[in-house]
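Please follow the strands, a residue within them and the aromatic rings in the structure below.

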Amino acid sequence: MENHKQGEKEQGELTIFKARELISSNILLSVTAVAIWLGPIHFVVFSIIFSLLFLSFSKCLLVFGLLLLLAFVPIDDDNKLGRRFCGFICRHACSYFPVTLHVEDINALHPDRAYVFGYEPHSVWPIGVVALADHTGFLPLPKLKVLASSAVFLVPFLRHIWTWCGLTSATRKNFTSLLSDGYTCIVNPGGVQETFYMEHDNEIAFLESRRGFVKIAMEKGAPFSSSFLLWSSIDSFLFHFVTCWLNAKYSIVFLCTPLASQVNAGIM
């Protein structure tokens with residue numbers, strides 16, 4: 001975190017975090033990190049297909065039983081080895097893309113408060129959110145959780161890695177409980193629904209029908225990053241965007257974009 005502070009570039013009140021300048025990495029480490037982070041679901045599918053085609057019936061049942069066990073066995077989200085492993089993933093994944101995070105008035109964030117951040121767009125994978133993870137260390141907030149689809153936590157291996165990376169199930173009960181415990185929550189209000197409306201060179205973020213996260217934030221007294229729907233900010237801070245290098249194109253992930261109802265985040 002000390003290196004991050006040394007590498008911050010402040011222009012007025014704007015703080016810019018550039019992953020490749022702040023994190024020492026190389027192509028081998030960054031590719032390995034991304035493969036481990038996003039690859040478990042592919043590994044599970046490959047394991048199932050391989051077992052059905054090449055293993056005997058008894059060994060196939062053994063593989064299925066192991067996958068089923070890993071899908072439901074409890075996970076210790078504070079496991080030191082797992083979190084240390086995922087710290088490697090988050091830091092080097094940021095360097096791979098690379099990620100640039102712009103934060104306006106970072107001093108307005110108080111480490112002893114819980115906040116709610118709205119994150120858009122979702123895309124097929126909400127990969128830009130790695131810039132906000134606690135392992136990455138850009139944000140001066142000690143307790144951070146990212147709310148993700150409950151389906152993620154039914155996939156063997158993927159559920160372990162993502163839990164240790166600071167993700168948790170996006171249920172109302174879980175969201176409310178985390179805020180009560182002082183955790184800052186990062187929410188993607190559009191969610192997986194957005195992926196069904198993706199178009200070439202254009203991404204649509206659905207926000208108007210997903211206002212529940214703001215209501216919960218207000219009920220819990222947690223400042224939320226505005227303004228998806230022209231709501232006013234409770235605190236004096238705005239997160240602008242995350243820029244990721246993806247397949248030789250720039251993907252702009254809007255946090256607090258000042259547009260109403262429907263947001264078109266262009267892929268340039």
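L144 stands opposite T184 in β7. The model is predicted, with local features requiring pLDDT of at least 70 and side-chain atom pairs counted only at pLDDT 80 or more, while totals for chains, interfaces and linings use all residues. Residues are numbered from 1 along each chain as its sequence is written, and side-chain values use heavy atoms, with hydrogens and water left out.

Strands β5 (residues 144-148) and β7 (residues 184-187) run parallel and are joined by 3 bridges. Strands here are DSSP runs of E with at least two residues, helices are runs of H or I with at least four, and both are numbered from the N terminus; two strands pair if DSSP finds at least two bridges between them. An open sheet is formed by 4 strands in the order β4-β7-β5-β6, with parallel pairing. Each of β4 (116-118) and β6 (167-169) stands at an edge with a single partner strand, so one side of each has no neighbour in the sheet. From one strand to the next, the twist averages 30 degrees. Helix α8 (residues 172-180) lies across β4, β5, β6 and β7 and runs at about 145 degrees to β7. Axes are lines fitted to C-alpha atoms, for helices over the stretch in contact, and angles run from 0 to 180 degrees between N-to-C directions.

Is T184 buried or exposed? T184 has a relative accessible area of 0%, so it is buried (under 20% relative accessible area; exposed is over 50% and partly exposed in between, with a 1.4 Å probe and protein chains only). Leaving aside neighbours within four places in sequence, the contacts of T184 include R113, Y115, F117, K143 and L144 (contact means heavy atoms within 4.5 Å). R113 and T184 are 71 residues apart in sequence, with their C-alpha atoms 7.6 Å apart.

A search of the whole structure finds 6 aromatic pairs. Rings of Phe, Tyr and Trp (its six-membered ring) pair if their centres lie within 6.5 Å; planes under 30 degrees apart count as stacked, over 60 as edge-to-face and the rest as tilted. The planes of Y96 and F97 are at 80 degrees and the ring centres 5.2 Å apart, so this pair is edge-to-face. Y115 and F117 form a stacked pair, with 6.3 Å from centre to centre and 25 degrees between the planes. Both Y115 and F117 are buried. F46, F50 and F54 form one aromatic cluster.
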